[in-house]
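Please consult the sequence and the structure shown below while reading.

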Amino acid sequence: MFEPRTWNMVAPGYAAEIPATFSSFADDALALGALRPGERVLDVATGPGTLAVPAARLGARVTAIDFSPEMIAELQSRVQREHVQGIEARVADATALPFGDDEFDAVFSMFALNLMANRGAAFREILRVLHMGGRAVIGTPGDLTQAPAFAEIRDIVSRALPQLDLKMDLPLAEPSALMDEMVAAGFANVEVRRVTRAFTYPSVGVLWAMASRAAAPVVLVRSVTPEAEWSRASETIVRDLQRRFGSGPQRVELSVNLAHAAKERIH
């Protein structure tokens, strides 16, 4: 999960599947950041540009970085396809940002800091490149394991694919943890809110197909599993999920912790 090659492998499926769900959370983050036209914005771990593209359409001058070259390629393809202006996309590491001090009015990062091995360095770099009075908005997923159905889903998947680890005990799942790490990095006026949205998908089969193409842990296991074995396991998973949750549309609630913070002079 900490290596670019993983996200290079996931990038095409992620770009195809994930923005439709995550775009509403990106809009929440942009609203929280009170973005203004002409501002210099950095999107850290941009992926396929789920936040960068709407930020540019709001008139910001966006620099979008990701450590995965294939994710940057997906963003560049979208920019060309949709004729988006105002985005500079480049490969870069969040823990060693290739920018000077005080360069950006606002920095955003969604669904990424919780996956970084050295989060402290990434938080400090985000603070460094913000100008005085600038603001940061960070989004991290809430704790999926608290969903009532999660344990059942994990058991169904694990029976068919025991090599697939769905513990999902990711850091920064609690608002207090996100606040504590941002305060420790030197941010001021840190506030964290939890946003929950409900999404409806046509079936459990569609959800499993999405996970097979776009969820990094699932894609990694699929890449080392013989195709015949994977097909049998997928059929079993979909069958058992349908028995438990039905074959019709599925309502899924997802929660995100959104932190807003500022860079202020230390007296």
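Helices and strands are here DSSP runs, a helix having at least four residues and a strand at least two, and both are numbered from the N terminus. In this sense glutamine 250 belongs to strand E7, which covers residues 250-262. The model under discussion is a predicted one.

**Glutamine 250**

Is glutamine 250 buried or exposed? Its relative accessible area is 11%; since the cut-off for buried is under 20%, glutamine 250 counts as buried. Leaving out residues up to four places away in sequence, glutamine 250 touches Phe199, Thr200, Tyr201, Ser203, Val204, Leu207 and Phe245. With phenylalanine 245 there is also a polar approach: a polar atom of the glutamine 250 side chain lies 3.2 Å from the backbone oxygen of phenylalanine 245.

**Helix H1: alanine 16 and glutamate 17**

Helix H1 spans residues 4-17 and includes alanine 16. Glutamate 17 is found in helix H1 as well. Alanine 16 is exposed, with a relative accessible area of 60%, whereas glutamate 17 is buried at 16% relative accessibility.

Which side chain does the side chain of glutamate 17 meet in a polar contact? The partner is the side chain of arginine 213, at 2.3 Å. Apart from neighbours within four places in sequence, glutamate 17 is in contact with Met210, Arg213 and Ala214. For alanine 16, a separation may be given to proline 48: the two residues stand 32 residues apart in sequence, and their C-alpha atoms are 9.1 Å apart in space.

Most residues other than glycine have a negative phi. Alanine 34 has a positive phi near 50° and is not a glycine. Histidine 83 likewise is not a glycine, and its phi is positive at about 55°. Alanine 34 sits in the loop between helix H2 (19-32) and strand E1 (40-44), and histidine 83 in the loop between helix H4 (69-82) and strand E3 (87-91).

The accessibility of the residues discussed is collected here.

| Residue | Relative accessible area | Class |
|---|---|---|
| Glutamine 250 | 11% | buried |
| Glutamate 17 | 16% | buried |
| Alanine 34 | 43% | partly exposed |
| Alanine 16 | 60% | exposed |
| Histidine 83 | 66% | exposed |

**The chain as a whole**

How many helices and strands does the chain have? Its secondary structure comes to 10 helices and seven strands. Along the principal axes, the C-alpha atoms fill a box of roughly 60 × 40 × 30 Å. The radius of gyration is 19 Å, which agrees with a compact globule, because a globule of 267 residues would have a value near 18 Å.

Of the 267 residues, 48% count as buried. Among contacts between residues at least 6 apart in sequence, 78% join residues at least 24 apart. The accessible surface comes to about 12,600 Å², and 53% of this surface belongs to carbon and sulfur atoms. As to charge, the chain carries 27 positive and 32 negative side chains, and the centres of these two sets lie 3 Å apart.

Technical notes:
Residues numbered from 1 in each chain as written. Predicted model: local features only at pLDDT ≥ 70, side-chain atom pairs only at ≥ 80, totals over all residues. Heavy atoms only, no water. Rg over C-alpha atoms; globule rule 2.2 N^0.38 Å. Buried < 20%, exposed > 50% of the residue type's maximum accessible area, 1.4 Å probe, protein only. Contact = heavy atoms within 4.5 Å. Areas by Shrake-Rupley, 256 points an atom, 1.4 Å probe, with all protein chains shown as cover. Lys, Arg positive; Asp, Glu negative; His and termini not counted. Charge placed at Lys NZ, Arg CZ, Asp CG, Glu CD. Polar contact = N/O pair within 3.5 Å; in protein donor to acceptor, adjacent residues only side chain to side chain.
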